[in-house]
Amino acid sequence: MAWALGANSNSPPFAPAIGANAISTMRAAFLVGILAALGALLQGGSISETVGRDLILGVQITPLAATAGLLTAAGFMAFGVYSGYPVPAAFATTGAMVGVGISLGGDPAIAKYQELALFWALVPPVSGGLAYGTATILRRDDIPETVGVPLLAGVVSGIVANIELGIIPGDAAQNSLAGFASSLVGLPDPLVRGVVTLAFGALGFLAIRRRTQASAERGIRTFLVALGSVVAFSSGGSQVGLATGPLETLFVTRLELPTLVLLGIGAVGILAGAWMGAPRLLQATSREYAQLGARRSIAALVPGFIIAQVAIALGIPISFNNIVISGVIGGGLAAGSAGVSRRKIGVTVGFWLLTLASSVGVGYGLYWVLSTALGME
């Protein structure tokens, strides 16, 4: 399952960069593997817990149920890898685990489903809308590129200072770089966080401004690759839980192993999948959805990064295909709809809905078949 995630859902963050000719496909696949694996280790815990414990009430996911859920989700993901259509990992895994949980005798977690559905429904308009607005601003003649692009870099850098990192000691409110700095000094927490955030933002602004002043195109491409990198890191943190979540009960409760061990296994799978299977999906998402320039590609990735980190903080599994493709479409529409394949968009949305519905049924049926065959009803 982690291999399929590395090949499929962790690929889109670099798709706009490839579409803008800022990086080659093979180099992007290499970076996706490294960055997504690091993100899996440092940010994967919250999504893993949601998938493993919060989707079904009244029962614990057994090893056989986890097997059925992972086989179902991985099957959907593998189909996406080899068919060229980006199957949403969050939909496939959530549906599969709901199906096996109900088959196991658990009760649906209706409140959690409502929360997930609302967040998922908001992703396309929010991601697409932010991308459209950002792309429109970047194309304005009265905003110099030596100002607009560095400002975006500053915003992203400031957010990086506040993202949750599992390697940093402390509670959930302090395990970011800004939060950790706050815990080390005796000054008020908001003050220290603000200073650290502004410092990171200033560094990001100055670094990209210097590049854009030397060469506007070089600075824009540098920021596009850097942005793809932080989004790929975020994708690993949000996606690894889709593979490790079903095994939470087995590893943490029964085997009494730390979650980091489970996340490490998932990170290795993501790394292998990205290196072996990502190029195909990178080509599909970068070439077939929209022919973007570097500026509109930046606009597509900024909301992706923000939405991913919000989802990680809330423990909500998300589809990076959904986020980035919506951003790609929004950025493309800023210059007219000619660069967007409406047929491809329609087919993709259909695959998303079909995946969510059918994975529930397949997961339910597969667990019933396995439990019956093994006499474990």
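This is a predicted model: local features need pLDDT of at least 70, side-chain atom pairs count only at pLDDT 80 or more; totals for chains, interfaces and linings use all residues.
**Exercise 1.** Determine how helix α8 is oriented relative to helix α14 and which residues bring the two together.

Solution. Begin with the geometry: the axes of α8 (residues 145-160) and α14 (residues 294-314) come within 11 Å and cross at roughly 20 degrees. Angles under 35 degrees count as roughly parallel, so α8 is roughly parallel to α14. The handedness comes next, and here α8 passes α14 in a left-handed crossing. Turning to the residues, α8 contributes Glu145, Val149, Leu152, Val156, Ile159 and Val160, which meet Arg295, Ile298, Val302, Phe305 and Ile306 of α14. Sorted by class, this contact has nine nonpolar residues, two charged residues and no polar ones.

**Exercise 2.** Carry out the analysis for helix α9 and helix α10, and say what class of residue makes up their contact.

Solution. The axes of α9 (residues 177-184) and α10 (residues 189-214) come within 8 Å, and they cross at roughly 135 degrees. Because this angle falls in none of the parallel, antiparallel or perpendicular ranges, the rest being called oblique, α9 and α10 are oblique to each other. In this pair α9 passes α10 in a right-handed crossing. On the α9 side the contact is made by Leu177, Ala178, Gly179, Ala181 and Ser182, and on the α10 side by Asp189, Val192, Arg193, Val196, Thr197 and Phe200. By class, the contact of α9 with α10 has six nonpolar, three polar and two charged residues.

**Exercise 3.** Find the salt bridges, and decide for each partner whether the residue is buried or partly exposed.

Solution. The count comes to two salt bridges. One of them joins the side chains of Glu248 and Arg53, at 3.3 Å from N to O. This pair links distant parts of the chain, since Glu248 lies in helix α12 (residues 248-254) and Arg53 in helix α4, 195 residues apart. Buried means under 20% relative accessible area, so Glu248, at 3%, is buried, whereas Arg53, at 37%, counts as partly exposed. Another salt bridge is formed by Lys112 with Glu115, whose closest N and O atoms are 3.4 Å apart. Both Lys112 and Glu115 lie in helix α7 (residues 110-138), three residues apart, which is about one turn of the helix. Lys112 counts as buried at 16% relative accessibility, while Glu115 is partly exposed at 33%.

**Exercise 4.** Describe the surroundings of Thr50.

Solution. Thr50 is found in helix α4 (residues 45-54), and its 5% relative accessibility makes Thr50 count as buried. Leaving aside residues up to four places away in sequence, Thr50 touches Leu55, Lys112, Gly315 and Pro317.

Methods: Residues are numbered from 1 along each chain as its sequence is written. Side-chain values use heavy atoms; hydrogens and water are left out. Axes are lines fitted to C-alpha atoms, for helices over the stretch in contact, and angles run from 0 to 180 degrees between N-to-C directions. Helices (H or I, at least four residues) and strands (E, at least two) are DSSP runs, numbered from the N terminus. Angles under 35 degrees count as roughly parallel, over 145 as roughly antiparallel, 65 to 115 as roughly perpendicular and the rest as oblique. A crossing is left-handed if the near helix is turned anticlockwise from the far one by less than a right angle, and right-handed if clockwise. Contact means heavy atoms within 4.5 Å. Ala, Val, Leu, Ile, Met, Phe, Trp, Tyr, Cys and Pro count as nonpolar, Asp, Glu, Lys and Arg as charged, and the others, Gly among them, as polar. Buried means under 20% relative accessible area, exposed over 50%, partly exposed in between (1.4 Å probe, protein chains only). A salt bridge is a side-chain nitrogen of Lys or Arg within 4 Å of a carboxyl oxygen of Asp or Glu.
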